[in-house]
Amino acid sequence: MSVATRIGQIAAGTLGAAAVAAAASGAMVVKKRRRAIEDRPTDRTPLGTLRSCPVTVVTEDGVPLHVEVDEVDPAHNGGSSEVTLVFVHGYCLNLDCWHFQRAAYRGLVRSVFYDQRSHGRSGRSSLGNATIDQLGDDLLRVLDAVVPEGPVILVGHSMGGMTIASLAEDHPELFAPYDEGGRIIGVALISTTAGGLDPSRLLIPVLPAKLSGGIANRTIRTLAKGHGVVDRFRAMGASVATVFTDVFAFGDEVPEAYVQFVDGLLSQTPFEVVAEFFPTFRALDKFSSVAAMGRVPTTIICGTADRLTGIGHSRKLHSYIPGSRLVECEKAGHMVILERHGQVNAELDQLLATATRDAASA
């Protein structure tokens, strides 16, 4: 029996078992929820359409990162023109996930957005470098390239928050008041953790037909070898995919456009990339390093209905980072940056005001 045939059998068996389980639990429930999503109030926000002239930053191992910088509008007389906000997105997403934050600060505060390696418009990583530690190094590379001077506030969602934790582990000296030589004067950690994560939770929205079953490391690696087949299976079962994205990315009812937008981001990420990054989450353990963020204003935000990086992770981060502020968004899910964008933006406003005030008074 050929390897390709065996992989096909594993994929088909996995999908078949998932399909049987879904049918047994009630396919009508899925159909009903899909209709309910369609009946929600319409939101015509053109998600993912904000662009600026791209900049390419090459990592130490040669991966080109797609970076976009929104500069301050010269006609704007207020706001925070000296600080730079740097947004770091999560697993299987890209910089477009920050749409509401980007719209809020566009022209008012210098803001940097980039696609993490192997995500979005950035280049593919080699297999051995698809790690959180490497992402931390990439973040430093982006800072050196597009924010070589001036104070910075880092904003990370999900894997983006883990990326910031990795940077804090390797370069704690960067997280310090500006007058003491620090570059990073504020941090926002959103729907994230520094360890103790069950990575299978992250896989639920991105597996074939968005059903994870009991798939673990060995099966993930095997399926990755036949990633082309898996990607074709993922394109099937759109209704199931939409429902699972709704369930695992959001808490409250959100407009169908939000669900479709996130599902689109997830489905654009090749399954091979999903599999490459998978092992790094189980090994993640950086709680001993996040205390470095206690030297600067740090805000931790999470939805109480987050099914992927649950609220317990944010509460633990809060306990490890002295002086941090914990914001719990009631009934919101993992994609709180979309679902509660108004509340998240208000917290970022407060963080920006506090951090810049501290830097100015130093």
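**Exercise 1. Getting an overview**

Of the 362 residues of the protein, what percentage count as buried?

*Solution.* Start with the ground rules: this is a predicted model, where local features need pLDDT of at least 70, side-chain atom pairs count only at pLDDT 80 or more, and totals for chains, interfaces and linings use all residues. Residues are numbered from 1 along each chain as its sequence is written, and side-chain values use heavy atoms, with hydrogens and water left out.

Step 1: Buried means under 20% relative accessible area, exposed means over 50%, and partly exposed is in between (1.4 Å probe, protein chains only).

Step 2: apply them. The answer is 55% of the 362 residues.

**Exercise 2. One arginine, two partners**

Find the residues that form salt bridges with Arg 34, and work out where they sit.

*Solution.* Step 1: recall the idea. Side chains of opposite charge can pair when their charged atoms come close. Here, a salt bridge is a side-chain nitrogen of Lys or Arg within 4 Å of a carboxyl oxygen of Asp or Glu.

Step 1: take Glu 38. Its salt bridge with Arg 34 has the closest N and O atoms 3.5 Å apart.

Step 2: take Glu 256. This salt bridge with Arg 34 has its closest N and O atoms 3.1 Å apart. Arg 34 lies in H1 but Glu 256 lies in helix H9 (residues 256-268), so the pair ties together parts that are 222 residues apart in sequence.

Step 3: check the burial. Arg 34 is buried, at 11% relative accessibility, while Glu 38 is partly exposed at 44%. Glu 256 is partly exposed too, at 23%.

**Exercise 3. A salt bridge from a loop**

Are Asp 138 and Arg 117 buried or exposed?

*Solution.* Step 1: look at the contact. Asp 138 and Arg 117 form a salt bridge, with the closest N and O atoms 2.6 Å apart.

Step 1: Asp 138 is in helix H3 (residues 132-146) and Arg 117 is in the loop between strand S4 (110-114) and H3, so the bridge ties together parts 21 residues apart in sequence.

Step 2: read off the areas. Asp 138 is buried, with a relative accessible area of 1%, and Arg 117 is buried at 0%.

Step 3: look at a neighbour in sequence. Ser 118 is found in that loop between S4 and H3. Most residues other than glycine have a negative phi. Ser 118 has a positive phi of about 70° although it is not a glycine, and it is buried, at 5%.

**Exercise 4. Checking a helix**

*Solution.* Step 1: use the rule.

Step 1: count the buried residues. H4 is mostly covered, with 10 of its 12 residues buried; among them are Met 159, Gly 160 and Leu 167.

**Exercise 5. Two rings**

How are the rings of Phe 87 and Phe 113 arranged?

*Solution.* Step 1: set the rule. Rings of Phe, Tyr and Trp (its six-membered ring) pair if their centres lie within 6.5 Å; planes under 30 degrees apart count as stacked, over 60 as edge-to-face and the rest as tilted.

Step 1: count. By this rule there are six aromatic pairs.

Step 2: judge this one. Phe 87 and Phe 113 are stacked, at 4.8 Å centre to centre with 5° between the planes. The pair links distant parts of the chain, with Phe 87 in strand S3 and Phe 113 in strand S4, 26 residues apart.

Step 3: finish the picture. Both Phe 87 and Phe 113 are buried, and together with Trp 98 they form one aromatic cluster.

Terms used. Helices (H or I, at least four residues) and strands (E, at least two) are DSSP runs, numbered from the N terminus.
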